Amino acid sequence: LFGLAQHQNPKVFNFTFNVSETDADTIETFLDARANDSASFDFPNNHLPGETASNFKFVCENWNKSIPYNNRATIKATFRQVFEPAT
C-alpha cells in the first residue's frame, strides 16, 4: 500500500466455482502460480455485481477445493482487489 491514497477501499469477492475436476485443476494451477510469486491477475469486472466492463486487479490468498461428486469439483476462493500502477 506504500504510496497509495489512504481512502482506497479494496473490494473483496467470494467466488464458488462448480466445475469438472479437470477445470478445477486448471483453476487451482492458476491460483497456485500466482500465490507462489504474489502476482496479481486481471479479472473482468463485468462479471461482478453492479460493475461495468473493465478490469480490476486481484490477488487470491486463500481458496479450497472439494470433490463432492465423481468428476465434479467445487473451488471456493476469495479475491481481494489490489491497486497497482499502470505499466
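Mentor: Let us settle one term first: buried means under 20% relative accessible area, exposed means over 50%, and partly exposed lies in between. Please also keep in mind that this is a predicted model.

Trainee: Then is phenylalanine 41 buried or exposed?

Mentor: Phenylalanine 41 counts as buried because its relative accessibility is 6%, and the limit is under 20%.

Trainee: Which ring does phenylalanine 41 pair with, and in what geometry?

Mentor: Phenylalanine 41 pairs with phenylalanine 30 in an edge-to-face arrangement, with 5.3 Å centre to centre and 75° between the planes. Phenylalanine 30 belongs to helix H1 and phenylalanine 41 to strand E2, so the pair ties together parts that are 11 residues apart in sequence.

Trainee: And phenylalanine 30, how does that residue count in terms of accessibility?

Mentor: Phenylalanine 30 is partly exposed, as its relative accessible area is 34%.

Trainee: How many aromatic pairs does the structure hold?

Mentor: There are 8 aromatic pairs. Another of them is formed by phenylalanine 58 and phenylalanine 79, whose rings are tilted, at 5.9 Å centre to centre and 45° between the planes. Since phenylalanine 58 is in strand E3 and phenylalanine 79 is in strand E4 (residues 72-82), this pair ties together parts that are 21 residues apart in sequence.

Trainee: What are the accessibility values for phenylalanine 58 and phenylalanine 79?

Mentor: Phenylalanine 58 has a relative accessible area of 0% and is therefore buried. Phenylalanine 79, at 4% relative accessibility, also counts as buried.

Trainee: Which residues do the ring pairs link into a cluster?

Mentor: The cluster consists of Phe13, Phe15, Phe17, Phe30, Phe41, Phe56, Phe58 and Phe79.

Trainee: What about the largest nonpolar core: how many residues does it have?

Mentor: That core has 15 residues, and those with the most contacts inside it include Leu31, Phe41, Phe58, Trp63 and Phe79. At least two residues of the core come from each of strand E1 (12-20), H1, E2, E3 and E4.

Trainee: Changing topic, how many salt bridges are there?

Mentor: The count comes to 4 salt bridges. In one of them, the side chains of lysine 65 and aspartate 25 meet at 2.7 Å, N to O. That pair links distant parts of the chain, as lysine 65 is in strand E3 (residues 55-69) and aspartate 25 is in helix H1 (residues 21-37), 40 residues apart.

Trainee: Which other salt bridge does lysine 65 form?

Mentor: Lysine 65 also meets the side chain of glutamate 28 in a salt bridge, at 3.4 Å, N to O. Here glutamate 28 lies in helix H1 and lysine 65 in strand E3, so parts that are 37 residues apart in sequence are tied together.

Trainee: How do lysine 65, aspartate 25 and glutamate 28 count in terms of accessibility?

Mentor: Lysine 65 counts as partly exposed at 30% relative accessibility. Aspartate 25 is partly exposed at 39%, and glutamate 28 is partly exposed at 22%.

Trainee: Which residue forms a salt bridge with aspartate 42?

Mentor: Lysine 57 does, and the closest N and O atoms are 2.8 Å apart. This pair links distant parts of the chain: lysine 57 is in strand E3 and aspartate 42 in strand E2 (residues 41-44), 15 residues apart. As for networks, salt bridges that share partners join Asp25, Glu28 and Lys65 into one.

Trainee: Back to H1, what is its span?

Mentor: H1 has 17 residues and reaches 25 Å from its first C-alpha to its last, close to the expected 24 Å. Just after H1, serine 38 takes a positive phi of about 60°.

Trainee: Where is serine 40 found, and which residues is it in contact with?

Mentor: Serine 40 is in the loop between H1 and E2. Neighbours within four places in sequence aside, serine 40 is in contact with Arg34, Lys57, Phe58, Val59, Val82 and Glu84. At 18% relative accessibility, serine 40 counts as buried.

How values were computed. Residues are numbered from 1 along each chain as its sequence is written. This is a predicted model: local features need pLDDT of at least 70, side-chain atom pairs count only at pLDDT 80 or more; totals for chains, interfaces and linings use all residues. Side-chain values use heavy atoms; hydrogens and water are left out. Helices (H or I, at least four residues) and strands (E, at least two) are DSSP runs, numbered from the N terminus. Buried means under 20% relative accessible area, exposed over 50%, partly exposed in between (1.4 Å probe, protein chains only). Rings of Phe, Tyr and Trp (its six-membered ring) pair if their centres lie within 6.5 Å; planes under 30 degrees apart count as stacked, over 60 as edge-to-face and the rest as tilted. The expected span of a helix is 1.5 Å times one less than its number of residues. Contact means heavy atoms within 4.5 Å. A nonpolar core is a set of buried Ala, Val, Leu, Ile, Met, Phe, Trp, Tyr and Cys residues joined through side-chain atoms within 4.5 Å.
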